[in-house]
Amino acid sequence: MSWNLSESLRRTTREYPERTAFRFREQETTYKQLDGMADRFASALMARGIAKGDAVALLVGNTPHFVIAYHGILRAGAVVVPINPIFTPNEIVYILANSEAKAVVSVSPLHPVLTSLKPQLPNLQFVIYTEALESELEFASLLEQDSLTVPSVITKEEDLAVILYTSGTTGHPKGAMLTHRNMASNAEACVQLFELTATDRLITVLPIFHVFCMTVCMNAAIASGACLLLLPKFSPVDVVKTIREDQATLFVGVPTMYNFLLQVPEASEEDLKTLRGCISGGAPMPVVLLHRFEEKFKVKVHEGYGLSEAAPVTAFNPFRGVCKPGSIGIDIPMVKNKVVDEEGREVPRGEVGELVVQGPNVMKGYLGMPEATQLALRDGWLYTGDLARMDEEGYLYIVDRKKDLILVGGFNVYPREVEEVLYQHPAVLEAAVIGVADEEYGEVVKAFVVSNEPTLSEEDLIEYCKIHLAKYKIPRFISFASELPKNSTGKIVRRALRV
């Protein structure tokens with residue numbers, strides 16, 4: 001079988017042309033319509049000079065624009081670079097420059113930002129906006145140009161499909177290069193794992209630019225002919241209403257979402273009766289929360305694990321067989337996980353070590369970062385940086401995060417990135433960042449700061465961070481100290497701040 005995302009959509013269109021590909025705000029789009037729009041969008045890109053291998057960025061949320069543009073970009077032989085639309089200008093310009101993006105598809109409110117960034121982006125040739133703006137390219141008008149020829153670009157399994165930027169420990173995110181084989185094989189594994197068919201209807205409310213939603217919802221649904229129920233933002237009441245009224249069969253979310261759904265007072269077992277299962281990932285789910293959700297709604301929650309570098313899924317609690325609360329499950333189809341020591345040797349069952357992964361889903365490497373690639377990919381295995389243990393039955397349990405990663409509502413935050421912003425403030429002498437437990441988001445960011453300005457307040461620093469960081473990376477709490485704990489070499493010891 002050929003692993004190719006563009007072919008996946010073509011195959012499904014041939015088999016289920018009149019089935020609904022996605023539903024958005026009462027409007028349904030069939031696979032035949034989606035396939036045609038992807039063709040026209042690809043033609044529009046190619047007519048404007050986009051060639052095979054060129055990077056095209058998507059600064060779009062959970063709307064039809066993302067689904068259409070994603071497949072249009074791939075059909076043109078180009079590479080998708082998804083970016084969170086709420087990123088700050090500094091974050092956006094770094095990714096656009098690093099990926100050498102030649103075009104951008106963006107939500108219209110970002111027009112002033114992208115206009116101001118253009119002088120720093122010599123490779124950027126044009127921007128397509130989701131709504132009509134004077135003298136700018138508009139998404140809908142490009143799709144109306146039906147005289148454009150259908151592209152015939154041949155893409156291979158090992159051609160790049162997506163570059164996903166992950167938060168970087170050095171202050172800059174790393175671009176994980178994922179091929180058609182990486183992405184399409186993981187989507188197919190999800191189809192098998194969750195037993196997806198053309199009759200399934202998936203709640204698609206996770207950020208679609210994030211690889212969890214991109215693979216488990218969008219790509220897996222398209223590979224199986226299922227329907228995406230696209231929701232632009234997460235509202236617990238709206239999710240319950242959509243599940244009930246649109247007869248959803250699967251809900252995919254992060255633990256934070258399950259917590260909010262549990263708190264909807266009027267929601268009942270009856271509302272969720274069409275669900276045949278729930279899928280959780282992005283962050284560890286508290287066992288108490290899992291049990292409470294299952295008890296209230298009488299639907300099974302299947303927890304798993306993944307990372308951007310693996311497109312992303314590597315382990316999951318199976319839909320058929322034993323489901324172990326607190327575990328991230330077992331190997332998914334085509335993928336192998338093992339737990340190793342510092343020398344890369346597999347440790348005995350029950351012992352803690354680093355989780356490493358092998359399979360057709362593992363990335364090609366980090367864009368322009370050979371040293372980081374060599375650290376992550378060793379002897380045919382992807383080193384995840386997460387500490388785990390495996391029980392006698394092959395079920396995995398995440399024990400800790402090796403690199404102090406903070407998970408805020410399923411989004412990754414690296415302390416170093418926040419610390420570097422804090423250090424840029426003229427009144428900050430030292431800074432250290434950790435994650436602290438939070439009932440709603442799993443974790444939130446807390447900063448410890450040594451300042452040379454007695455009048456500097458918590459509010460001052462939080463306002464400063466708002467200029468330079470995406471919302472979920474901004475410290476919720478800031479604690480001032482006269483000094484921070486250090487080891488014998490003078491390095492700040494974060495673990496001492498957790499005591």
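Reader: Which residue stands opposite phenylalanine 22 in strand 11?

Author: Leucine 228 is the residue opposite phenylalanine 22. This is a predicted model, in which local features need pLDDT of at least 70 and side-chain atom pairs count only at pLDDT 80 or more, while totals for chains, interfaces and linings use all residues. Residues are numbered from 1 along each chain as its sequence is written, and side-chain values use heavy atoms, with hydrogens and water left out.

Reader: How do you know that strand 1 and strand 11 pair?

Author: Two strands pair if DSSP finds at least two bridges between them, and strand 1 (residues 20-24) and strand 11 (residues 227-230) have 2 bridges, in the parallel sense. Strands here are DSSP runs of E with at least two residues, helices are runs of H or I with at least four, and both are numbered from the N terminus.

Reader: What makes strand 2 and strand 16 the edges of their sheet?

Author: The sheet is open, with 9 strands in the order 2-1-11-10-12-13-14-15-16 and mixed pairing. Strand 2 (27-30) and strand 16 (330-331) have a single partner strand each, so one side of each is left without a neighbour in the sheet.

Reader: Why is helix 1 called oblique to helix 8?

Author: The axes of helix 1 (residues 5-15) and helix 8 come within 7 Å and cross at roughly 45°, where axes are lines fitted to C-alpha atoms, for helices over the stretch in contact, and angles run from 0 to 180 degrees between N-to-C directions. Angles under 35 degrees count as roughly parallel, over 145 as roughly antiparallel, 65 to 115 as roughly perpendicular and the rest as oblique, so helix 1 is oblique to helix 8. Contact means heavy atoms within 4.5 Å; Leu5, Ser8, Leu9 and Thr12 of helix 1 make it with Asn219, Ile222, Ala223 and Ser224 of helix 8.

Reader: How do you know that leucine 178 is buried?

Author: Buried means under 20% relative accessible area, exposed over 50%, and partly exposed in between, with a 1.4 Å probe and protein chains only. Leucine 178 has 0% relative accessibility and therefore counts as buried. This residue is found in strand 9 (residues 174-179), and valine 162, 16 residues away in sequence, is 5.2 Å from leucine 178, C-alpha to C-alpha. Leaving aside neighbours within four places in sequence, the contacts of leucine 178 include Leu160, Val162, Met183, Glu309 and Met363.

Reader: What makes a set of residues a nonpolar core?

Author: Such a core is a set of buried Ala, Val, Leu, Ile, Met, Phe, Trp, Tyr and Cys residues joined through side-chain atoms within 4.5 Å. The largest one has 163 residues, and Phe41, Tyr70, Phe251 and Phe293 are those with the most contacts inside it. Helix 8 (residues 211-224) gives the largest share of this core, 10 residues. A second, separate core has 6 residues, among them Ala432, Ile434, Leu484 and Leu497.

Reader: Which strands make up the open sheet of 3 strands, and which of them are at the edges?

Author: Its order is 25-26-27, with mixed pairing, and strand 25 (428-438) and strand 27 (477-480) are the edge strands, each pairing on one side only. Neighbouring strands of this sheet are turned by 25° against each other on average, direction ignored. Strand 25 and strand 26 run antiparallel and are joined by 10 bridges, whereas strand 26 (residues 442-451) pairs with strand 27 in the parallel sense over 4 bridges. Alanine 447 stands opposite isoleucine 478 in strand 27.
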